[in-house]
Amino acid sequence: MELNTSGIIGQSTTLADVFRILGKVAPTDSTVLVTGESGTGKELLVRALHANSCRADKPFVPINCGAIPKELLESELFGHEKGAFTHAIRSRPGRFELADGGTIFLDEIGEMELSLQVKILRVLQEKEIERVGGSGCKKVDVRIVAATNRDLEAEVEAGHFREDLYYRLNVIPLHLPPLRERGGDVLLLARHFLDHFCRKKARPPLGLAPDTRRILAAYAWPGNVRELENFMERLSILVDGAVVQPSDLPRKILDQVGDISVLPDVEEAGAPEADASPAQPAPVASGPAQTRPDAQSGDFVWPDLAVLEAHGLNLKDFLDAVESRLIDEALNRAEGVKNQAAEYLGIKRTTLIEKLKKRNP
Ligand SMILES: Nc1ncnc2c1ncn2[C@@H]1O[C@H](COP(=O)(O)OP(=O)(O)OP(=O)(O)O)[C@@H](O)[C@H]1O
Ligand SMILES: [Mg+2]
């Protein structure tokens with residue numbers, strides 16, 4: 001089966017190793033523990049795991065164990081019966097019940113209290129849960145996937161995490177390397193996010209000057225992919241020129257990388273010419289009635305009402321036709337691979353599938 005990497009971008013060997021294990025473990029029901037620094041894409045990976053599993057059409061239920069107050073976490077996970085505590089005015093199923101048949105994602109599991117850890121262990125072993133204030137057990141069929149940015153082994157050592165639960169969760173460990181260990185992926189991701197945010201703001205894609213590329217590649221990205229993503233959004237708003245210059249970068253980054261002249265050159269595959277000066281108009285297709293002056297260079301001619309009149313189209317039909325054309329072009333270019341086509345279009349794969357369904361119900 002072809003692995004659906006659900007929008008996880010990267011070609012580094014470190015990430016390829018992760019994909020290889022993902023492909024093997026996804027179709028099984030094994031418990032997986034995802035580790036990695038903050039912002040490395042743990043949640044994205046877990047979603048991909050679910051999407052590639054036999055449970056893909058069943059619920060995916062995430063819960064952030066670190067974000068829910070300790071007193072509420074148990075009832076959030078296991079549900080409660082009416083009257084179980086002061087505010088329990090009616091019975092309520094917990095996330096495990098909601099995830100029945102699917103996958104539950106216990107995010108930031110390292111934050112969970114020891115008393116609750118015992119109960120998770122119990123679900124793993126007995127495959128049944130008990131609501132707070134309940135008197136009986138209920139079978140659930142749920143795959144458990146957990147993630148943490150803590151060193152759980154050290155937490156076990158320190159007595160904060162149960163050793164038995166650690167081993168039970170860590171059947172298949174998946175470690176996401178920090179961005180600084182993914183080589184060329186930094187620029188690949190920078191390009192992806194920059195294009196995405198420029199498109200969202202309806203501005204032409206920004207180029208990256210050679211020195212900017214060297215700086216981005218050399219910076220350590222302590223906040224990993226999330227930091228890079230947020231930073232690219234910022235550039236898409238603040239940079240006035242067509243090319244991001246080192247002077248557009250914040251002190252924090254410049255200071256950390258030090259002397260630019262000693263940094264190695266880095267190429268950016270498939271990017272718009274970084275030193276191309278005047279901005280090209282955004283590559284939007286021309287409408288069906290337009291002659292396409294130069295589709296290759298992305299030149300765009302705004303359609304006018306005459307186009308609608310000449311073709312006897314109303315606005316909706318016209319827009320549908322434009323959309324349909326772009327979808328076809330993307331699918332052709334992607335040789336039918338929907339993930340890739342969706343990426344070219346800058347939409348989610350699920351959105352593309354919806355659109356295709358609407359086209360051929
Ligand atoms: N390889 C990748 N390709 C594309 N986008 C990515 C990639 N890795 C992470 N992202 C994006 O970066 C952001 C952070 O990812 P995610 O939330 O999965 O990280 P996390 O490891 O769960 O972080 P935290 O520990 O802070 O919860 C998200 O917007 C995600 O879509
Ligand atoms: Mg997360």
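**Burial, cores and a pocket in a predicted model**

Biologist: Where does Asn224 sit, and what makes its phi stand out?

Modeller: Asn224 is found in helix α10, residues 224–238. This is a predicted model, and in it the phi of Asn224 is near 55 degrees, a positive value in a residue other than glycine.

Biologist: Which class does Glu108 fall in, and how do you know?

Modeller: The relative accessible area of Glu108 is 28%, so Glu108 is partly exposed. Its place is in the loop between β5 and α5. Glu108 also has a positive phi in a residue other than glycine, near 50 degrees.

Biologist: How do you know whether Ser75 is buried or exposed?

Modeller: The cut-off for buried is under 20%. Ser75 comes out at 8% relative accessibility and therefore counts as buried. Ser75 lies in helix α3. Not counting residues up to four places away in sequence, Ser75 touches His80, Phe85, Gly94 and Val132.

Biologist: And Gly23, why is it placed in its class?

Modeller: Gly23 has 33% relative accessibility, so it counts as partly exposed. The class runs between the cut-offs of under 20% and over 50%. Gly23 is found in helix α1, residues 13–25. From Gly23 to Ala48 there are 25 residues in sequence and 9.7 Å in space, C-alpha to C-alpha.

Biologist: What makes Asp141 buried, partly exposed or exposed?

Modeller: Exposed would need over 50%. Asp141 reaches 41% relative accessibility, so it counts as partly exposed. The place of Asp141 is in the loop between β7 (138–139) and β8.

Biologist: What is Asp141 in contact with?

Modeller: Leaving aside its neighbours within four places in sequence, Asp141 is in contact with Arg55, Ala99, Asp100, Gly101 and Gly102. Contact here means heavy atoms within 4.5 Å. Thr103 is 38 residues away from Asp141 along the chain, and their C-alpha atoms are separated by 8.8 Å.

Biologist: Why is Ile260 in the class it is in?

Modeller: Buried requires under 20%. With a relative accessible area of 23%, Ile260 is therefore partly exposed. Ile260 is found in the loop between α11 (251–257) and α12 (305–311).

Biologist: Which residues does Ile260 contact, beyond its neighbours within four places in sequence?

Modeller: Ile260 is in contact with Asp211, Arg214, Ile215 and Pro246. Asp211 is 49 residues from Ile260 along the chain, with 7.2 Å between the two C-alpha atoms.

Biologist: How many residues does the largest nonpolar core have, and what makes it a core?

Modeller: The largest nonpolar core has 30 residues. It is called a core because its members are buried nonpolar residues joined through side-chain atoms within 4.5 Å. Those with the most contacts inside it are Leu77, Phe96, Ile104, Leu106, Ile109 and Ile120. Elements giving two or more residues to this core include β2 (60–64), α3 (70–78), β5 (103–107) and α5 (114–126). The most comes from α5, with five residues.

Biologist: What does Ile109 contact, leaving aside its neighbours within four places in sequence?

Modeller: Ile109 is in contact with Leu33, Cys65, Ala146, Ala147, Thr148, Leu152, Phe161 and Leu169.

Biologist: Which residues are closest to the centre of the second largest pocket, and what is its volume?

Modeller: The second largest pocket has a volume of about 230 Å³. Of the 15 residues that line it, Gly183, Gly184, Asp185, Val186 and Leu187 are the closest to its centre. Helix α8 (residues 185–200) supplies the largest share of this lining, four residues.

Biologist: How do the lining residues of that pocket divide?

Modeller: The lining has eight nonpolar, three polar and four charged residues.

Biologist: What do the totals for the protein say about burial and contacts?

Modeller: Buried residues make up 41% of the 361 residues. Among contacts with a separation of 6 or more, residues 24 or more positions apart account for 71%. The protein has 15 helices and 11 strands. It exposes about 19,400 Å², of which carbon and sulfur atoms supply 52%.

Key. Residues numbered from 1 in each chain as written. Chains lettered and ligands numbered in written order. Predicted model: local features only at pLDDT ≥ 70, side-chain atom pairs only at ≥ 80, totals over all residues. Heavy atoms only, no water. 1 Å grid on protein atoms, 1.4 Å probe; cavity = no way out; pocket = protein on both sides within 12 Å on 5 of 7 lines; lining within 4 Å. Points joined across faces, edges and corners; volume = space filled by probe spheres on them. Nonpolar A, V, L, I, M, F, W, Y, C, P; charged D, E, K, R; others polar. Buried < 20%, exposed > 50% of the residue type's maximum accessible area, 1.4 Å probe, protein only. Areas by Shrake-Rupley, 256 points an atom, 1.4 Å probe, with all protein chains shown as cover.
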